Amino acid sequence: MREAWTGVAEAVGRRRSRRHVSPGSGRAAVVAELLWLGHLEIKLEYEGTLFTEWSVPEICFVLNKSSPRTELRCSSPGVHAIKPIVTGPDEEERNLFVDSSHTCFLWYYRVRHFFNNLTQVISVWVYDPENADPDELLGSAEEPSINSIVLSTQMATLGQKPIVHTILKRKTYVSNEKMKKGTWHIMVPMTRDDALKEIRGNQVTFQDCFIADFLIVLTFPSLTIPEIPGSLPISSPRGSQLMVSWDACVVASVVLVTDMETFQTNDSFRTWTRIRVPPGSLSDAERRSVADVIVSRDGVFFLTNGVLYQKSFRGFLKLGRILNLPNGGIIGISSRKWCWVKYLSKAKERRSNFAVWTENEVYLEYILLKFTRLVTTTELKNILNLSVTATLTIHSVEYTGHPLEIAVFLSYCTICTVTKKIFLVIYNEDTKQWVSQEFTLDAPIDSVFVPYFIFSALPGLILWNKHSIYYCYHNFTFTGILQTPAGHGNLSMLSNDSIIHEVFIDYYGNILIKMENNVIFHSKINTRDVVKLHLWTNNTTRAFVLLSTSGYTYFLYALDNGTIQIQDYPLSLETRSVAFTTKDKCPYMAFHNNVARVFYFLDKGEILTLWTQIIYPENTGLYVVVESYGPKILEESHDISFEAAFGHCTKTLTITFYQNVDYEGLYDYFEMQHNNTGLVMVQLRPSEYSKTCPIAQKVFQIAVGCDNKKFIAVKGFSKKECHHHDFSYVIEKSYLRHQPSKNLKVRYIWKKYGCPLRLDFTEKFQPVIQLFDDNGYVKDVGANFIVWEIHGRDDYSFNNTMAQSGCLHEAQTWKSMIELNKHLPLEEVWGPENYIHCFSYAMGKPGDLDQPYEIINSSNGNHIFWPLGHSGMYVFRVKILDPNYSYILRTFLGSVAMKDPNISTVSSFKFLQPNSYVCNRDVWTDSQSKCLPGGCFPLRPDAALLHYSHFELLSVCEDL
């Protein structure tokens with residue numbers, strides 16, 4: 001395979017990158033390998049037979065100007081034009097960006113998986129690209145080289161110790177053991193929702209060089225489907241371009257379909273296997289007719305001759321009516337392009353994995369191969385109020401940048417002979433609503449367009465046919481055709497009449513358009529033009545551009561011998577080389593913000609304050625645009641500060657997101673909650689932008705509603721500090737609020753209730769409620785809460801009266817709320833939805849204020865006590881009562897057992913055997929033991945006969 005010269009290289013961080021140069025005809029190729037050997041030393045290599053000498057600027061020196069393999073030394077950083085002089089057509093000149101940096105070393109890592117405890121051990125060491133082994137440079141080393149062991153050990157002596165930091169949950173993991181053989185070992189849990197990680201080090205230098213942080217994607221290990229001997233290849237039609245599908249959240253998991261084989265990888269094609277099908281499952285023509293492919297958690301799905309097939313570890317399956325799919329006529333399949341690990345869905349349903357469509361129907365696939373029909377064109381005519389006599393068909397279906405939305409493109413015509421209109425409707429999987437968009441495209445009747453939504457908060461996409469790229473940005477308010485420097489939008493005219501094969505978009509807003517002959521164009525979202533990049537490979541190699549797990553682009557090649565090859569593609573260097581020639585400059589110098597997450601949760605009463613800053617030349621008037629998309633449930637306040645100095649302006653915008661809703665005393669409490677919760681997408685972007693700007697916009701979510709990662713617990717309870725066993729007991733009927741005719745037998749389930757908290761009956765008990773999330777303790781809860789015994793006991797009371805608590809009228813009680821809500825179960829009669837405080841003359845009647853006040857909080861001094869002074873087991877539940885505290889209906893369960901006042905001493909019960917039973921008035925078990933009237937219950941050997949109390953989290957989200 002001939003390699004083509006690609007322009008710019010950057011000697012930063014000693015990161016090895018291969019530069020490819022060719023005269024375009026494929027007769028020769030040049031490789032300039034950029035690598036610091038000292039201060040700004042670069043290796044140059046020319047591949048081919050037409051080389052004469054190197055042309056370099058005066059500031060640089062070539063060791064051997066006439067050698068195709070030599071070293072380039074530049075005395076200072078900057079932009080240096082490098083050109084190989086060859087016999088025949090001139091080579092294209094490249095602008096080499098050489099930068100001075102103190103980041104010289106890199107982290108290398110290997111991962112071992114332990115399924116017995118669902119952990120992964122990351123082995124980490126430091127390596128110097130200038131002195132590393134070839135295996136380390138290729139990423140295939142299993143252990144550090146001698147040079148890397150020496151370097152890592154020296155760095156450790158100076159205080160270096162790597163950590164693994166997770167980007168989404170912001171957790172940190174460190175090595176708990178000493179370095180062994182120049183390697184640190186860090187254990188992390190396997191996870192799907194916190195896969196994006198970064199290896200970071202201390203600010204330690206060796207020979208004035210730092211180590212660059214390294215971004216990795218680490219999730220549950222995914223296995224490739226094994227190849228079964230005797231299976232047959234499945235491929236696209238002969239002469240087809242490459243066809244690729246990848247997992248949006250695990251970009252290293254890729255399936256490639258060529259016109260010879262299908263390949264699968266879980267490590268960005270460092271290793272790969274072939275996917276083949278059993279003999280007889282498909283005809284030869286069907287095996288060579290793959291029209292589309294999707295990789296999913298449920299396997300690999302092939303679309304062949306209008307039929308969908310699944311290849312998994314269980315075998316090869318034809319999908320049809322038995323799985324609620326049509327037996328034929330399928331024209332397309334589509335999966336998500338952008339990864340949103342976290343999102344809020346009020347419907348509490350799983351979102352779909354991919355879409356399937358025919359001309360008149362759209363289907364969605366959910367986990368475990370569950371298919372449902374989403375909509376038909378007949379239904380869409382009614383939704384969009386279109387004429388029933390017009391022709392409406394499904395053009396294509398594509399997932400948007402929103403984690404819960406799907407776009408359906410519709411072809412519409414009345415006289416379908418010459419032209420048609422393409423409409424767009426978006427479906428939200430959470431709200432189940434269809435919304436027609438301000439998008440209409442007039443096109444020839446036989447034209448086909450391919451959509452690709454960009455990574456943005458507002459809907460935005462590019463759409464292409466064989467020759468041109470249409471853009472629709474900022475919720476379809478900024479539209480047009482990407483223009484070339486020649487002033488037209490036909491890319492084929494600048495690529496020897498080749499047609500568009502692939503469009504690649506990354507999270508930074510880069511857009512690469514690869515033609516079938518491997519000519520590459522570059523643009524960025526929110527811009528109107530496109531430029532042609534330097535040639536990278538010859539026009540006959542079948543290639544595809546992909547994203548690696550470290551966020552870099554690479555080329556995937558399918559070779560004629562039936563194998564595949566990968567090659568890093570320095571996108572930033574290539575685009576900067578062309579931008580230097582075209583004089584394209586970013587309109588601002590810096591664009592900063594403190595948005596540290598892609599997902600924020602806002603509960604009742606919480607605010608989110610962020611800042612963003614733009615630095616730009618004076619007299620240009622730039623500013624930051626804040627845009628949101630979704631339900632109108634958040635309010636914003638903006639504060640702007642401005643500074644100007646030395647010809648530059650700094651504008652800082654502080655944004656605060658909050659809600660201003662009072663839920664107290666509402667008749668429609670639950671409906672109001674439902675209407676004020678949801679998912680809001682937000683983006684921050686500069687008012688002006690160009691292709692040379694590093695990041696197009698900052699995109700994140702704000703979820704308002706029930707965070708199921710939050711829960712409450714009562715301080716002092718555990719499931720470890722007691723003997724683990726279940727037992728039964730009986731509650732005497734006189735202690736039950738509903739006064740039954742018989743005693744109530746209850747089963748105590750340890751797994752559910754855990755260890756009781758033991759108290760003496762003379763102690764007053766005030767539960768301390770604490771809030772936790774998946775990172776641990778958050779804070780003590782100061783809001784009002786109520787408690788009740790779930791089996792109906794009411795032989796306890798509260799020490800404060802309503803008057804002592806400051807009530808101005810009679811407060812709510814369990815008795816009054818049960819009387820008002822006789823049709824509801826006990827746990828639903830009283831809660832934040834009907835809470836009314838007693839601190840206003842305008843609400844309620846004066847009544848008897850000497851009654852116990854049955855509401856507790858952390859500061860009112862109210863306690864539970866047991867006036868009857870007897871032993872007993874109580875199972876309590878706690879509920880937050882304040883309607884403005886949280887969207888989560890937090891409840892917590894617990895139990896209590898009291899010391900019997902008739903027993904004069906406790907010490908005689910301290911050393912009972914495991915099968916011993918303590919007699920008690922209202923506690924017993926199905927034992928053969930002889931007990932006093934009232935029953936008995938088992939105790940751990942060292943237990944005293946005390947009052948037990950236990951609370952267990954239920955963490956139930958309200959039905960929003």
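Trainee: Is Cys693 buried or exposed, and what is its relative accessible area?

Mentor: This is a predicted model, numbered from 1 along each chain as its sequence is written, in which local features need pLDDT of at least 70, side-chain atom pairs count only at pLDDT 80 or more, and totals for chains, interfaces and linings use all residues. Side-chain values use heavy atoms, with hydrogens and water left out. Buried means under 20% relative accessible area, exposed means over 50%, and partly exposed lies in between (1.4 Å probe, protein chains only). Cys693 counts as buried because its relative accessible area is 0%.

Trainee: With which residue does Cys693 form a disulfide?

Mentor: A disulfide is a pair of cysteine sulfur atoms within 2.5 Å. The sulfur atom of Cys693 lies 2.0 Å from that of its partner, Cys586.

Trainee: Which hand does the disulfide of Cys586 and Cys693 have, and how many residues apart in sequence are the parts it ties together?

Mentor: The torsion about the S-S bond is about 100 degrees, so the disulfide of Cys586 and Cys693 is right-handed. Cys586 sits in the loop between helix H5 (571-582) and strand S46 (590-593), and Cys693 in the loop between strand S52 (678-686) and strand S53 (698-704), so the parts tied together are 107 residues apart in sequence. Helices (H or I, at least four residues) and strands (E, at least two) are DSSP runs, numbered from the N terminus. The values asked for are thus a right-handed link and a separation of 107 residues.

Trainee: How many disulfides does the structure hold, and what is the torsion about the S-S bond of Cys104 and Cys209?

Mentor: The structure holds 5 disulfides. One of them joins Cys104 to Cys209, S to S 2.1 Å. Cys104 is buried because its relative accessible area is 2%, and Cys209 is buried because its relative accessibility is 5%. The link of Cys104 and Cys209 is left-handed because the torsion is about -65 degrees.

Trainee: Cys413 and Cys416 are also joined by a disulfide; which of these two cysteines is partly exposed?

Mentor: The S to S distance of Cys413 and Cys416 is 1.8 Å, and with 95 degrees about the S-S bond their link is right-handed. Cys413 counts as buried because its relative accessibility is 10%. A relative accessible area of 33% is why the partly exposed residue is Cys416.

Trainee: Turning to helix H4, which of its residues are exposed on the face turned away from its buried side?

Mentor: In H4 (residues 377-384), the buried residues are Thr377, Leu380, Lys381 and Leu384. They cover an arc of only 105 degrees around the axis (taken from the directions from the helix axis to the C-beta atoms), and therefore lie on the same side of H4. An α-helix has 3.6 residues a turn, so residues three or four places apart point the same way. On the face of H4 turned away from its buried side, the exposed residues are Thr378 and Asn382.

Trainee: Against which strands do the buried residues of H4 pack?

Mentor: Packing is judged by contact, meaning heavy atoms within 4.5 Å. The buried residues of H4 pack against strands S30 (370-376), S31 (391-399), S32 (405-413), S33 (419-428) and S34 (434-444).

Trainee: What is the distance between the closest N and O atoms in the salt bridge of Lys421 and Asp442?

Mentor: A salt bridge is a side-chain nitrogen of Lys or Arg within 4 Å of a carboxyl oxygen of Asp or Glu. Lys421 is partly exposed because its relative accessible area is 33%, whereas Asp442 is exposed because its value is 55%. The closest N and O atoms of Lys421 and Asp442 are apart by 2.7 Å.

Trainee: Are Glu627 and Arg685 buried or exposed?

Mentor: Glu627 forms a salt bridge with Arg685, with the closest N and O atoms 2.8 Å apart. Glu627 lies in strand S49 (residues 624-629) and Arg685 in strand S52, so the pair ties together parts that are 58 residues apart in sequence. Both residues are buried.

Trainee: Taking the chain as a whole, what percentage of its residues are buried?

Mentor: The chain has 8 helices and 70 strands. Among its contacts between residues at least 6 apart in sequence, 62% join residues at least 24 apart. Of the 960 residues in the chain, the buried share is 54%.
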